[in-house]
Amino acid sequence: MLSTASAEVVRATLPVVREHAVRITGEFYPSMFAAHPELLDLFNQGNQGNQAGGQQRVAPASAVVAFAGRLLDPGDDPGSFDAIAERIAHKHVSLGIRAEQYPIVGRHLMAAVGTVLGDAVTPEVAAAWDEVYWLLACRLIAAEARPYQRGGIDPAVLRRRWRVVKRQDEAVDAVSFTLVPDDGGAVPDFLPGQYVSVAVDPPDGHRRPRQYSLSQGPVRGSLRIVVRRVRGVDGAPDGAVSDHLHDHVHTDDTLLVGPPAGENTLDPGTGPVLLVSAGIGITPTASMLDHLARTQPTRRVVVVHADRSADHHARRRDPPDLRRPRRRRPAHLVRDGRRRASGLRRRGRHPVERGHHRLPVRTGAVHARRPCRSAPPRPRGRPHPLRGLRAGDARRPDRLTPRRRRAPGRTPGVGRARGARRLAAPHPAPP
């Protein structure tokens, strides 16, 4: 709980700190890395610049600002910040962040606030924001200690050597790696939807970690990740780690891999599930489908995936029961483009039942294809090949009758199935 005196100061200065969050973080990283270069191995250095949108660039200051706003105004749901804290904690566990590193981060973050805001940071302002930071730090340290203890993980020796037993081209700029422990040890258990941290050592000498979602279910005796090559846009550099994995890692090579982490996991219940993904976001969806096919084959699942084209669709070569779910697991395959092929519907018109456990991944403006069928769609106006036929009419086209209406109380599909069996059976020619 934030003290009353600090709450007043934070409320008055929160808009200014929020406005300068990007500049504060831009000042924070260089000063911290200059004083503690060993921390370079724990942060995504590509995202601290302009690569891939720079989400990490605003992460520290934005997290503190969001937490300060929640302390001042918890709203109707005082625990609504829990989801943000859980996501940060899982990310820190995958990187091996330790409790003794929080004072270093806090000291340099507060120094960056003073550098950017100048004389506006009085001793009272500095003390109030320092209190906010340590309330957040204590919350994260406690959240990170639980998975460390449950998994028997020592963050000081976080990663193990894993050997690549299979490398496979999945799609344009997408490659999958199947991994097993190089020391012959056990494969850790994980939840469908989680990710692992993979660290590589490029020529510049600084180890670079990245998180990649696991793309197959647990209890398979191996881990599988799919890496999409990050192409730089608007002058930004290409992804250093994805380029290294694509160009230099092959079968029988080894990688440093951390323990599974991640909060966006499959609900273990029995209710219906809606999985929405786009692009490389298909990887956690593939893990969930693999797990469901093995443990709950009759659970109802709706899968909606968007991609640029079939050539960009990773995991398209999965087994048929995952790529084209059965009747109880309808799929909507989406292709993005200007032309609307037959059978496409406008975006946002997918039937979803109440009670679906939703696991969305951000998508763009797309259209959705109707559920896969065993036969191509019938042109408008053409009579159905089975409906409206009587026994024996297969040999007498002149006896075709208009399609009959279904009688009240009749089970849909029963009459058609019986008619199909009658038509398939031998029948004597009419006189």
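**Strand pairing, cores and salt bridges in the predicted model**

In strand β8, His-305 is the residue that stands opposite Ser-277. The model is a predicted one, in which local features need pLDDT of at least 70 and side-chain atom pairs count only at pLDDT 80 or more, while totals for chains, interfaces and linings use all residues. Residues are numbered from 1 along each chain as its sequence is written, and side-chain values use heavy atoms, with hydrogens and water left out.

Strand β7 covers residues 273-278 and β8 covers residues 301-307; the two pair in the parallel sense over six bridges. Pairing of two strands requires that DSSP finds at least two bridges between them. Helices (H or I, at least four residues) and strands (E, at least two) are DSSP runs, numbered from the N terminus. Strand β7 is mostly covered, as six of its six residues are buried. Buried denotes under 20% relative accessible area, exposed over 50%, and partly exposed the range in between (1.4 Å probe, protein chains only). In a regular strand the side chains alternate between the two faces of the sheet. In β7, Val-273, Leu-275 and Ser-277 point one way, Leu-274, Val-276 and Ala-278 point the other way, and all are buried.

Together with helix α9, strands β7 and β8 make a right-handed β-α-β unit. A crossover is right-handed if, with the strands pointing away from the viewer, the path from the first strand over the helix to the second runs clockwise. Helix α9 (residues 282-295) has 14 residues and reaches 20 Å from its first C-alpha to its last, close to the 20 Å expected at 1.5 Å a residue; the expected span is 1.5 Å times one less than the number of residues. Because 11 of the 14 residues of α9 are buried, the helix is largely enclosed by the rest of the structure. Among the buried residues of α9 are Ile-282, Met-288, Asp-290 and His-291.

The largest nonpolar core has 44 residues, and those with the most contacts inside it are Val-10, Ile-24, Met-32, Trp-129, Val-132 and Tyr-133. A nonpolar core is a set of buried Ala, Val, Leu, Ile, Met, Phe, Trp, Tyr and Cys residues joined through side-chain atoms within 4.5 Å. At least two residues of this core come from each of α1 (4-19), α2 (21-35), α4 (59-72), α5 (82-95), α6 (102-117) and α7 (123-150). Helix α6 gives the most, with nine residues. Leaving aside residues up to four places away in sequence, Trp-129 touches Val-10, Thr-13, Leu-14, Val-17, Val-64, Ala-68 and Met-110, contact being heavy atoms within 4.5 Å. A second, separate core of 19 residues includes Trp-162, Tyr-212, Leu-223 and Val-227.

The structure holds nine salt bridges, each defined as a side-chain nitrogen of Lys or Arg within 4 Å of a carboxyl oxygen of Asp or Glu. One of them joins the side chains of Arg-231 and Asp-173 (3.1 Å, N to O). Arg-231 lies in the loop between β5 (223-228) and α8 (240-248) and Asp-173 in the loop between β1 (160-171) and β2 (174-181), so this pair ties together parts that are 58 residues apart in sequence. Arg-231 is partly exposed at 47% relative accessibility, and Asp-173 is partly exposed at 24%. Asp-201 and Arg-207 also meet in a salt bridge (2.9 Å, N to O). A network of salt bridges links Arg-163, Asp-182 and Asp-252.
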